[in-house]
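Please open the structure in your viewer and keep the selection tool at hand.

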Amino acid sequence: MGIIHMEDIYKEYRSGDGLVNALNGVSLDINKGEFVAITGTSGSGKSTLLNILGGLERETRGEVYYNKQSVAKYSKLSEYRRENIGFVFQSFNLLPILTVEENICLPLLIRGEEISQTRVDEVIKRLNLDNKRKTLSKQLSGGEQQRTAIGRAIISKPQILLADEPTGNLDSVNTKRIMELLREMNEEGQTIVMVTHDTSIAASCSRNIVLEDGKIIEDIYR
């Protein structure tokens, strides 16, 4: 069993008078240290799968395990997310009135945790944002915003980093920089699961899970 194990997962949404099956009996293991790309056409269930992996949604049926413990044991999914998961989104989701450093520290402030300036400096330096740390996020380029979003996701050293189309709003130069950063982090042991529509990006990952109509149709290891 991997760091995350999904067993026969279904996710249903009500649409009008009927039900839409976003996931249809998905079972998989995500192993520690993997860099997994999830691909598939629009509506195949990619983001739904990522949301359930990360505790943003609960499955309709089936069971999700984290380190061999059922995620259902958490009374609130926010506890599971807070303790284990870092998120990076296509739309960055930064607070525009906060600086780079404040956005990166935000998860720690929300939790009421002590902020280690050494850790903050380490993250900012790794993201090559030292000369932007006091800049408001709304004044950043797209690539700088995404690097800030990655900093916010990793500041608490999550076990798993989930990324939903992290390069979708970036040009080719910044896409390359973000992917180089993610690969470096993975080589250092960070487990990463990423949704992408870009087949070339998926091909650079160590594993590619392909979805169609809410089912896994391919699981490719490289």
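In which helix does Lys46 lie? Select Lys46 and you are in helix H1, which covers residues 46-53; helices here are DSSP runs of H or I with at least four residues, strands are runs of E with at least two, and both are numbered from the N terminus. Before going further, note that this is a predicted model, in which local features need pLDDT of at least 70 and side-chain atom pairs count only at pLDDT 80 or more, while totals for chains, interfaces and linings use all residues. Residues are numbered from 1 along each chain as its sequence is written, and side-chain values use heavy atoms, with hydrogens and water left out.

Select Gly40 next: its backbone oxygen lies 3.0 Å from a polar atom of the Lys46 side chain. Leaving aside residues up to four places away in sequence, Lys46 also touches others, among them Ile38, Val195 and Leu211, a contact being heavy atoms within 4.5 Å.

Now colour the open sheet of 6 strands, whose order is S6-S7-S8-S3-S9-S10 with mixed pairing; two strands pair if DSSP finds at least two bridges between them. Strands S6 (85-89) and S10 (215-221) stand at the edges with a single partner strand each, so one side of each has no neighbour in the sheet. From one strand to the next the twist averages 15°. Strand S9 (residues 207-212) pairs with S10 in the antiparallel sense over 6 bridges, and Val210 stands opposite Glu218 in S10.

Finally, turn to the backbone angles. Most residues other than glycine have a negative phi. Asp8, in strand S1 (residues 4-15), has a positive phi of about 55° and is partly exposed at 38% relative accessibility. Phe92, in the loop between S6 and helix H3 (100-111), has a positive phi near 70° and is buried, with a relative accessible area of 9%.

Methods:
Polar contact = N/O pair within 3.5 Å; in protein donor to acceptor, adjacent residues only side chain to side chain. Axes fitted to C-alpha atoms, helices over the stretch in contact; angles between N-to-C directions. Buried < 20%, exposed > 50% of the residue type's maximum accessible area, 1.4 Å probe, protein only.
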